[in-house]
Amino acid sequence: MRRRYDAALARERLAMMRELVPDAALGYRPDRGFPGEDEAAFERTLAFVEESPLTYLHVFPYSVRSGTTAAKLEGRNPPAAIAARARRLRGAGERKRVAFARRFDGAQAEVLVETTRDPRAGRCAATRATTCAPAW
């Protein structure tokens with residue numbers, strides 16, 4: 001897929017980010033089932049995810065897009081294999097997301113409120129926020 005990095009560089013950069021911002025949520029968007037991805041390649045990706053400081057995944061099953069270089073490649077994966085790999089990665093991502101969130105159970109934290117107040121309920125609306133500043 002013409003990536004300009006490899007797993008070693010990704011590991012290095014993720015470790016650097018984790019060291020610089022220990023509480024940062026680190027995400028990854030893996031495409032599964034790219035032509036030529038065999039079971040061994042998938043298992044390496046899964047191991048990378050499990051061993052990394054990633055905290056969430058946004059998994060996409062590969063689908064052919066006409067007119068792209070990838071559409072001309074050999075070694076397409078069967079849809080069932082693509083779906084199974086995506087499920088396994090989503091499971092790993094969910095375990096990592098839950099583990100990351102549990103680090104903050106009972107902790108006080110500043111939150112970024114994405115919108116001020118829900119006009120119907122009158123409550124603050126934020127992604128996974130547990131507290132809200134008072135209305136002024």
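1. A salt bridge is a side-chain nitrogen of Lys or Arg within 4 Å of a carboxyl oxygen of Asp or Glu. Glu43 and Arg88 form one, with 2.8 Å between the closest N and O atoms. The pair links distant parts of the chain. Glu43 sits in helix H2 and Arg88 in helix H3, 45 residues apart. Bear in mind throughout that this is a predicted model.

2. How exposed are the two partners? Glu43 has 31% relative accessibility, so it counts as partly exposed. Arg88 is partly exposed as well, with a relative accessible area of 38%. The pair does not stand alone. Salt bridges with shared partners join Arg32, Glu37, Glu39, Glu43, Arg85 and Arg88 into one network.

3. Glu37 belongs to that network. Where does Glu37 lie? It is in the loop between strand E2 (31-32) and helix H2 (39-51).

4. Two arginines meet the side chain of Glu37. The side chain of Arg32 makes a polar contact with that of Glu37 at 2.3 Å. The side chain of Arg85 makes another, at 2.8 Å. Setting aside neighbours within four places in sequence, Glu37 is in contact with Arg32, Phe42, Asn77 and Arg85.

5. Now the helix pair. Two packed helices are described by the angle between their axes and the distance between the axes. The axes of H2 and H3 (residues 79-102) come within 10 Å. They cross at roughly 10 degrees. Angles under 35 degrees count as roughly parallel, so H2 and H3 are roughly parallel to each other.

6. Which residues make this contact? From H2 come Glu39, Phe42, Glu43, Thr45, Leu46, Val49 and Glu50. From H3 come Arg85, Arg88, Leu89, Ala92, Arg95 and Lys96. By type, five of the contact residues are nonpolar, one is polar and seven are charged.

7. Not counting residues up to four places away in sequence, Glu50 touches Ala92, Arg95 and Lys96.

8. Take Arg95 from that list. The side chains of Glu50 and Arg95 make a polar contact of 2.9 Å. C-alpha to C-alpha, the two residues are 9.3 Å apart in space. In sequence they are 45 residues apart.

9. How many salt bridges does a search of the whole structure find? The search gives 10. One of them pairs Arg103 with Asp23, the closest N and O atoms being 2.8 Å apart. Arg103 lies in the loop between H3 and strand E5 (115-117), and Asp23 in the loop between helix H1 (7-20) and strand E1 (27-28), so the pair ties together parts that are 80 residues apart in sequence.

10. Are Arg103 and Asp23 buried or partly exposed? Arg103 counts as partly exposed, at 42% relative accessibility. Asp23 counts as partly exposed too, at 47%.

11. A further salt bridge joins the side chains of Arg29 and Asp31, at 3.0 Å from N to O. Here the partners fall into separate classes. Arg29 has 44% relative accessibility and counts as partly exposed. Asp31 has 16% and counts as buried.

Technical notes. Residues are numbered from 1 along each chain as its sequence is written. This is a predicted model: local features need pLDDT of at least 70, side-chain atom pairs count only at pLDDT 80 or more; totals for chains, interfaces and linings use all residues. Side-chain values use heavy atoms; hydrogens and water are left out. Helices (H or I, at least four residues) and strands (E, at least two) are DSSP runs, numbered from the N terminus. A polar contact is a pair of N or O atoms within 3.5 Å; within protein, one must be able to donate a hydrogen and the other to accept it, and residues adjacent in sequence count only if both atoms are side-chain atoms. Contact means heavy atoms within 4.5 Å. Axes are lines fitted to C-alpha atoms, for helices over the stretch in contact, and angles run from 0 to 180 degrees between N-to-C directions. Angles under 35 degrees count as roughly parallel, over 145 as roughly antiparallel, 65 to 115 as roughly perpendicular and the rest as oblique. Ala, Val, Leu, Ile, Met, Phe, Trp, Tyr, Cys and Pro count as nonpolar, Asp, Glu, Lys and Arg as charged, and the others, Gly among them, as polar. Buried means under 20% relative accessible area, exposed over 50%, partly exposed in between (1.4 Å probe, protein chains only).
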